[in-house]
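The following exercises concern the packing and the surface of a protein model. Please consult the sequence and the structure while working through them.

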Amino acid sequence: MEKIEGLKIGKKLNEGKTKEVYELLDSPGQVLIKSKDQITAGNAARKDQMVGKAAISTKTTVSVFKLLQDAGIKTAFEMQCGETAFVAANCHMIPIEWVCRRVATGSFLKRNPGVKEGFKFLPPKMEMFLKDDANNDPQWSEEQVIEARFNCGGLQIERCEVDIMNRTTLAVFEILEKAWATQDCTLVDMKVEFGVCAGTKDILLADVIDNDSWRLWPSGDRSLQKDKQVYRDLKEVTPEALQIVKRNFEWVADKVQNLLVTKTSVRVVVIMGSRSDLGHSQKIKQACANYGIPCELRISSAHKATDETLKIKAEYEGDGVHTVFVAVAGRSNGLGPVLSGNSTCPVINCPPISADWGAEDIWSSLRMPSGLGCSTVLFPEAAALFAAQIFGQFDHLVWAKLRANILSTWISLKQADKQIRNQ
């Protein structure tokens, strides 16, 4: 292959229908994945050259992996190299395709006669397929995957690993589904693959995620589909038809860029009763940063400077930025009620609990006058989480971090359980 500046490329390690994998001589823990200008369908029963596809597919894959990594999903992606390739962690691939479906279509209908196209899966439907071109990638059950006893890079694939890949596939689908919804596109289904990192033995989302990997229906309308299904459905492949397919792929690659940003602006404003509450408030700010949420710290006493408290509140109204106020006040909490009674913004009480008067301090945050709706949490991390859950209802990037955090917690518990059982 051609040289890429800054990389010493070694031998070809693997070649698939649409990509090639090369060793990197100076980075034994990494590989170069290079896309081809080739489009296939039906396990390459149909195969055509589509000039420019390699760059389009790489652009899509890189953007998708960046979105997932920013959310907190572990992937093999490292960095893009040129228009048609990217560096990834060297992984021993697990020979299973994981498919997640929201809407029944395609092969699912053939395998499940009687189910009408458009049936919606709630929750999404999970399926697994063995990567075996000779036998047309047969569907497998979880039990078959477990009993296959795959050993990938020294990691035995058992129930724990299967469950982790299952859960990760679901989280990846839901994050991308939420992101595509911002573009008025329905993510109908998608497939992903996993590998075992040669260096860490971690299971990573690997391979590629491009327009070959999913079905996308703008406005939920199958007739407007923009994915590879358009190529599969062609009765005859002509130069004109391939141009239509290519324009669809370009449309998707451009739209994917929009998934990396949000049109909404959000912030948390922490108002503390005195400077002695600064340490508690800074913990809230640090926790907000984990969700990508800007946080400002202010000081005002609702008891001693009510007019100033209301002036500060007014500074954050009317500029179009979605705001959550967090009231940090010990002893008698006047901040939360005053803010809640004079603002339409959500208010969260997060009182710093003292060792001597902890229980008594909490009552002033819990026992609110009628007509007030501020909530109360005790820990700074919980205040940030609550604010993120509010913003996540309309900001897909915040929601993605929340979803990935749920997955990470679940995986940690699953792995801890496996470790203690194996002791």
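**Exercise 1: Helix α8**

The buried residues of α8 pack against β17 (266-272), β18 (295-299), β19 (322-328) and α9 (335-341). The model is a predicted one.

Task. Identify which residues of helix α8 (residues 306-315) are buried, and determine how they are placed around the axis of α8.

Solution. 
1. Buried means under 20% relative accessible area. In α8, T309, I312 and K313 are buried.
2. Viewed down the axis of α8, these buried residues fall within an arc of 100°, and they therefore line one face of the helix.
3. D307 and K311, on the other side of α8, are exposed.

**Exercise 2: Nonpolar cores**

Task. State which residues touch the most other members of the largest nonpolar core, and which helix gives the most to this core.

Solution. 
1. The largest nonpolar core has 64 residues, of which L68 and W214 touch the most other members.
2. Helix α4 (residues 159-181) gives the most to this core, contributing 12 residues.
3. Leaving aside residues up to four places away in sequence, the contacts of W214 include V64, L176, W180, I209 and V256.

**Exercise 3: A surface patch**

Task. Locate I353 relative to β20 and α10, and classify I353 by its relative accessibility.

Solution. 
1. I353 is found in the loop between β20 (347-349) and α10 (358-366).
2. I353 counts as partly exposed because its relative accessibility is 39%.
3. Together with L378 and F379, I353 forms a nonpolar patch on the surface, with about 280 Å² of accessible area for the three together.

Definitions and conventions: Residues are numbered from 1 along each chain as its sequence is written. This is a predicted model: local features need pLDDT of at least 70, side-chain atom pairs count only at pLDDT 80 or more; totals for chains, interfaces and linings use all residues. Side-chain values use heavy atoms; hydrogens and water are left out. Patches are made of residues with over 30% relative accessible area and no salt bridge: like charges are joined within 9 Å, nonpolar side chains (Val, Leu, Ile, Met, Phe, Trp, Tyr) within 5 Å. Accessible areas come from the Shrake-Rupley method with a 1.4 Å probe; for residues, only the protein chains shown count as cover. A salt bridge is a side-chain nitrogen of Lys or Arg within 4 Å of a carboxyl oxygen of Asp or Glu. Helices (H or I, at least four residues) and strands (E, at least two) are DSSP runs, numbered from the N terminus. Buried means under 20% relative accessible area, exposed over 50%, partly exposed in between (1.4 Å probe, protein chains only). The arc is that of the directions from the helix axis to the C-beta atoms. Contact means heavy atoms within 4.5 Å. A nonpolar core is a set of buried Ala, Val, Leu, Ile, Met, Phe, Trp, Tyr and Cys residues joined through side-chain atoms within 4.5 Å.
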